[in-house]
There are 4 protein chains.
Amino acid sequence: MKRKICVVITARASYSRIKTLLIAIKAHPSLRLQLVLTGSGMLDKYGGMLNLLEREGFNNILKVSNLLENENHTAAAKTTGLGIIELASAFENTRPDIVVTIADRYETMSAAIAASFMNIPLAHVQGGEVTGNIDERVRHAVSKLADMHFVATESARQRVIAMGEDPHKVWHTGCPSNDLAIQAKNDASVQFDYENCQTKFPVSKYLVVMQHPVTNEGGFIKEQFNTLLTAIEALQIPTFWFTPNADYGADRIMKEIRIYSETTKNHKIHFLRNLNPEAFLKLIKHCACLIGNSSTGIREGSLLGVPVVNIGSRQNGRERSGNVVDVDFESDAIADAVREQLANGPYQSSFLYGKGNAGLQIAEILATTELKTNKQITY
Amino acid sequence: MKRKICVVITARASYSRIKTLLIAIKAHPSLRLQLVLTGSGMLDKYGGMLNLLEREGFNNILKVSNLLENENHTAAAKTTGLGIIELASAFENTRPDIVVTIADRYETMSAAIAASFMNIPLAHVQGGEVTGNIDERVRHAVSKLADMHFVATESARQRVIAMGEDPHKVWHTGCPSNDLAIQAKNDASVQFDYENCQTKFPVSKYLVVMQHPVTNEGGFIKEQFNTLLTAIEALQIPTFWFTPNADYGADRIMKEIRIYSETTKNHKIHFLRNLNPEAFLKLIKHCACLIGNSSTGIREGSLLGVPVVNIGSRQNGRERSGNVVDVDFESDAIADAVREQLANGPYQSSFLYGKGNAGLQIAEILATTELKTNKQITY
Amino acid sequence: MKRKICVVITARASYSRIKTLLIAIKAHPSLRLQLVLTGSGMLDKYGGMLNLLEREGFNNILKVSNLLENENHTAAAKTTGLGIIELASAFENTRPDIVVTIADRYETMSAAIAASFMNIPLAHVQGGEVTGNIDERVRHAVSKLADMHFVATESARQRVIAMGEDPHKVWHTGCPSNDLAIQAKNDASVQFDYENCQTKFPVSKYLVVMQHPVTNEGGFIKEQFNTLLTAIEALQIPTFWFTPNADYGADRIMKEIRIYSETTKNHKIHFLRNLNPEAFLKLIKHCACLIGNSSTGIREGSLLGVPVVNIGSRQNGRERSGNVVDVDFESDAIADAVREQLANGPYQSSFLYGKGNAGLQIAEILATTELKTNKQITY
Amino acid sequence: MKRKICVVITARASYSRIKTLLIAIKAHPSLRLQLVLTGSGMLDKYGGMLNLLEREGFNNILKVSNLLENENHTAAAKTTGLGIIELASAFENTRPDIVVTIADRYETMSAAIAASFMNIPLAHVQGGEVTGNIDERVRHAVSKLADMHFVATESARQRVIAMGEDPHKVWHTGCPSNDLAIQAKNDASVQFDYENCQTKFPVSKYLVVMQHPVTNEGGFIKEQFNTLLTAIEALQIPTFWFTPNADYGADRIMKEIRIYSETTKNHKIHFLRNLNPEAFLKLIKHCACLIGNSSTGIREGSLLGVPVVNIGSRQNGRERSGNVVDVDFESDAIADAVREQLANGPYQSSFLYGKGNAGLQIAEILATTELKTNKQITY
């Protein structure tokens, strides 16, 4: 009988990171795919994925709306609690053989707890990496709940094993997000469709900003935004700026963006919520510099050779290749670092985060590895 | 200003393990205690703690009823999810400086997630130990969410540090449960009040059974119970048998207990739900042999020198001193091991799990350690 | 396109009351059936319905586990809240054209709120009746949320209309539970299989007890039980006694039942959790007297001509035919009333609660009535 | 002992409607006030009430965050379900003698269910009125759950009684919102502080718009907004426009407001989220015409003699005095109706909704009425 693999997607980023795995599961003769869409992935304002997933050929998606209004610190906890409750029902009704959970958003904890408390083998993609912020805790706690680990780098593999996980259940497959990035890198076809994007300014050379609020520095979210804005304005280069994830602080940043948009004439910033993974990668591939605190710069950016300016503590500790310059939250420092990166230009591709076949490898392991749920720390 | 310490108690076992810490927090000039009672601790059928806590002088206890009927595997997950939601509100309204969570029941995960997702410093007591079962995952996942670790043994300390926790935030204080056990050991006063217990048989030499259902061996719960029952009946010794925790499978064991009680005449088993910690320790201290899969035998038992027969996989890997004989789930093996322990008699006290001042030490550290929530894995 | 009818079953009683409607929906050319099983219907200890429903040919049942441990008064509220959350997801994923909710258990409120707040037309079966207890509030509040009303009696129809509901949306179809009762009445075949029931005493003439805890008289639940027990013991007649629903107080009654069973030798009471609807009706049909506070005596009992002794306030106000004698909670009064009913013997059948075609009528209306959700009070 | 009265506030409107009652409860020698703030009242974006309540002297407010992101129809249901769960805990911990719930927002259903399922006497303010929309169902369903009814008008009293409520528990006290309106009417002091409001245009004669999305006409929310906008623009009069409640559709209206603000130069519309009750009433008192579908125009507007243009179905059936002109959702019709009202000027005050002492009356009844929870429909 085919193994039923339930993949829980919680946000637009989850999908990009897992798309080639989803395709590989669908295509695998011994696997069946059950998609569950939850968290911010269910909402248009955070780049809702439902229509996109259906357009891309994924059907029978189970929907779980669980996102609380995120003005205060209880929202992440309550969203997670509600997610556990509803995913337990989803798993009870669909009876998956394996649950797959991705990366380290607070919403991914829901799938990890529901599955492991129900004795369903749990697979975790992108464990073992290091960053700052609450993501850091979520990622490692999920590793300690998971039965199978698909990691992106060799050092991530060593780290998961060092935490006491069984080495035979930790596979260094590379990151599925790099599968797509390699396809984008090798795709010499048309560029990103800037026209379609309806910017109000001409685009040739451009920057991209991906900056998420940092929740344990919550008092300074507005200041962080304005610091970054000052830097970008000083550079006087057309900029694509992605609105933030559904984290605590997102609403305040959204508000600052609106105020800026309303009160500033002829600015050269185009704010974006979402793109499908391929369009997104084209945008990144051709940008002059990627600025912010997203892992995209470090992960896909290293493969695409994109110059990156990484700001603040959120990616502290994340393994990186040579394309990243780190700076503190200071306008002048940010602008200077961008100028330095512009002067440097594109970097050599790095295959640190994978060689392009992660999705296929993971699907094959999911189809064949022995399933058990009685793990124990190895020391 | 005094630090407000919020201690979340989820089950009768939590209280025994933390009682001396609660007293130490109440007595500390720089600390205020906020108790929250949740999970099975709220229900009489699992030995509800509310009246006991109030009788023992703890007031202003916040009550959170979140336990679902536990007939199926969704109950643990949903109870945890509901606990997160409600504890988030409890923390929002009481604004603790530190949240303390204990050991490794699935219900303790709720406090860990609510606190860490709300950026409240989280202290974990009894991390770093090794067992089988879902507890094993919960314990280590909570360690990866916690900011402060109060561990019972030196090897637990090393294990928490090996998982990548900051050594300066891991304190080997011993286990507060041992504080009480040492008091019990030194208390030469009256014995356990067997009269008051209303056994239907005379008691002088007796056994104690503490056996919990093992959730990832769920198909065999009834058989496990009957295997153990056969062994106990063969021994023909008066026995105090504790009804199980609110785990998956508890209802089925309760049902077997009722059937047995209804259909068996003149049996010598007295079933117990709960005792206050001191009475409980007196009962254990004087028993001829403690049988089952509870950590009590390994932990308090080693201090009290009680002979223990440990059954099955639940305590696999838990550090132990010489008072424990391990057996598989087989009637003859269990009965033989008990006979062997009876022949051996009491053991030397071991101070493996602490020297009797854990509660005081932990309170002092809670009062003085620097509070921060930006931890990162150390390698 | 076929209308999808989502019927939410919350307890064993819901199923008996709706079985012929379920069959009629399945058989109707313009309707599709989606069953959702929730509340106490999910649990074996309250006569779990899942296996029974599947055995009786209902497939693709959506499962929602939401029942909290019911030791205290928060359980009913929290179970209802959790039910709303999960049913909202169930409706989002299955997209029914109409939701059907039954009678007046607190758990049925969940379906009413989820459907009406999501603008899904809501049909209510068994509105407009009068009783005591929390059921009374739930029933009428659900009427004020519902778009279509299928009532059992003429006076129920008038009452729903008097509450301001549109008379064109209130149909006096009779109660589907009576459809089954009429089939049972006309079925001269084998009697109830007492052998299979494994009573420990011979059965020829027997009583049936169906007594539920009354939640707003909570302090006296144990006394109520013992009062009734005293009466039954005094009568010295074999008795089938149904364990209570999952209401507040059920656990305490279950405990009294266990104590009684354990401590009383040679008693003539056989405690039952559940029967399938047909077996149940056979048991009732042939009983000498039905005793308690269930609506069964008044509803199916009147059709079957069974003598009924109704105790206390729970059915206060419920319309009844001549087969019922009402008594207060007093042992002597209960025993005397039973003796009076035994002397009287069977009654004439009454068709007060329907003529046997309610299920078919309701299905036809669900298939053809105009669906709209913009109702307004009529005065 | 003083009765503890727990008042549950869910949205900014709840507070205005109940402020004089809160003051009267605080001042009453036999009553204690326990405030609970929940629903949209907890969020700044919907005019969060926490700071305002504290500024106005209410302390010890219990906070319950339960609002889900409201992009889809599950949000109202899930928010209500979560509210029930958390309010059950709030009531368990604070043990009120009476719970007071206000009006008819979906969020108010939570308090009604939690209290009535926990056998806590429930008082409902503003029952018996008639409108369109989901509010209509919520209001009457809450009446059927409540034990005490404080209604605003004589016809509301008759309607609640007609629904089968005990006439002795239905008091025609008038609406507490009118208490404040009468104070505002009699307050000849300074006008509304338009300066402080930072409009970008001079204000002398002005309009006020209060338009909420109508959930069962959900497909047309954007069109409704633009129809109204066209009318207001045609009038060329300075306008204060309140952003909508946290209903389904609110986000889409907020988005339209932002687009309009960003893309329209020199417009004369000032968008407002919230004012304290007194400032709000001053603004209304002096406006040339109040436009939209809020009950404010009909309720407080009638007392203040403000000309009102009421749009669409939301207030269909609500009792009104002569100050209201009703129109359909059509730009020309709206603009014409406003011109008609401007030509007419202010109206005579109507005391239809109360004489100014509702808060005091209700507090006195709460202090003295017999408390019981065993109600039954009266026919």
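Which residues of strand S12 (residues 308-311) of chain A point one way, and which point the other way? A:Val308 and A:Asn310 point one way, A:Val309 and A:Ile311 point the other way, and all are buried. Here, a residue is buried if 20 or more other C-beta atoms lie within 10 Å of its own, exposed if 12 or fewer, and partly exposed in between, with C-beta atoms placed from the backbone. In a regular strand the side chains alternate between the two faces of the sheet.

Before we go on, a word about the model. It is predicted: local features need pLDDT of at least 70, side-chain atom pairs count only at pLDDT 80 or more, and totals for chains, interfaces and linings use all residues. Residues are numbered from 1 along each chain as its sequence is written, while chains are lettered from A and ligands numbered from 1 in the order in which they are written.

## Around strand S12

Strands (E, at least two residues) and helices (H or I, at least four) are DSSP runs, numbered from the N terminus. Two strands pair if DSSP finds at least two bridges between them.

| Pair | Sense | Bridges |
|---|---|---|
| S11(A) (residues 289-292) and S12(A) | parallel | three |
| S12(A) and S13(A) (residues 324-327) | parallel | four |
| S11(D) (residues 289-292) and S12(D) | parallel | three |
| S12(D) and S13(D) (residues 324-327) | parallel | four |

In chain A, A:Leu290 stands opposite A:Val308 in S12(A), and A:Val309 has A:Val325 in S13(A) as its bridge partner. In chain D, S12 is covered on both faces, with D:Val308 and D:Asn310 buried on one side and D:Val309 and D:Ile311 buried on the other. D:Gly292 stands opposite D:Asn310 in S12(D), and D:Ile311 stands opposite D:Val327 in S13(D).

## A sheet of seven strands

Chain A also has an open sheet of seven strands, in the order S3-S2-S1-S4-S5-S6-S7, with parallel pairing. Strand S3 (62-64) and strand S7 (170-172) of chain A stand at the edges; each has a single partner strand, so one side of each is left without a neighbour in the sheet. On average, neighbouring strands of this sheet are turned by 20° against each other, direction ignored.

Within the sheet, strand S5 (residues 122-125) and strand S6 (residues 148-151) of chain A pair in the parallel sense over three bridges. A:Val125 has A:Phe150 in S6(A) as its bridge partner. Helix H4 (residues 108-117) of chain A packs on the sheet, where it touches strand S1 (3-9), strand S4 (98-102) and S5 of chain A, and its direction makes about 160° with that of S4(A). For such angles, axes are lines fitted to C-alpha atoms, for helices over the stretch in contact, and angles run from 0 to 180 degrees between N-to-C directions. Two residues are in contact if their C-beta atoms, placed from the backbone, lie within 7 Å.

## A serine in chain C

C:Ser16 is found in helix H1 (residues 12-27) of chain C. Is C:Ser16 buried or exposed? C:Ser16 is buried, because 22 other C-beta atoms lie within 10 Å. Not counting residues up to four places away in sequence, C:Ser16 touches C:Ser177, C:Leu180, C:Pro277 and C:Phe280. The C-alpha atoms of C:Ser16 and C:Arg339, 323 residues apart along the chain, are separated by 29 Å.

## How the copies meet

A rotation of 180° with 0.0 Å of shift along its axis superposes chain B on chain A, with an RMSD of 0.0 Å. The two copies are thus related as by a two-fold rotation axis. The same surface serves both copies, as 100% of the contact residues of chain B recur in chain A. Copies are superposed by least squares on the C-alpha atoms of residues with pLDDT of at least 70 in both.

In this contact, 43 residues of chain B meet 43 residues of chain A. Helix H3 (74-94), helix H4 (108-117), helix H5 (133-145) and helix H6 (154-162) of chain B are the elements that give two or more residues to the side of chain B that touches chain A. The largest share of that side, 12 residues, comes from H3(B).
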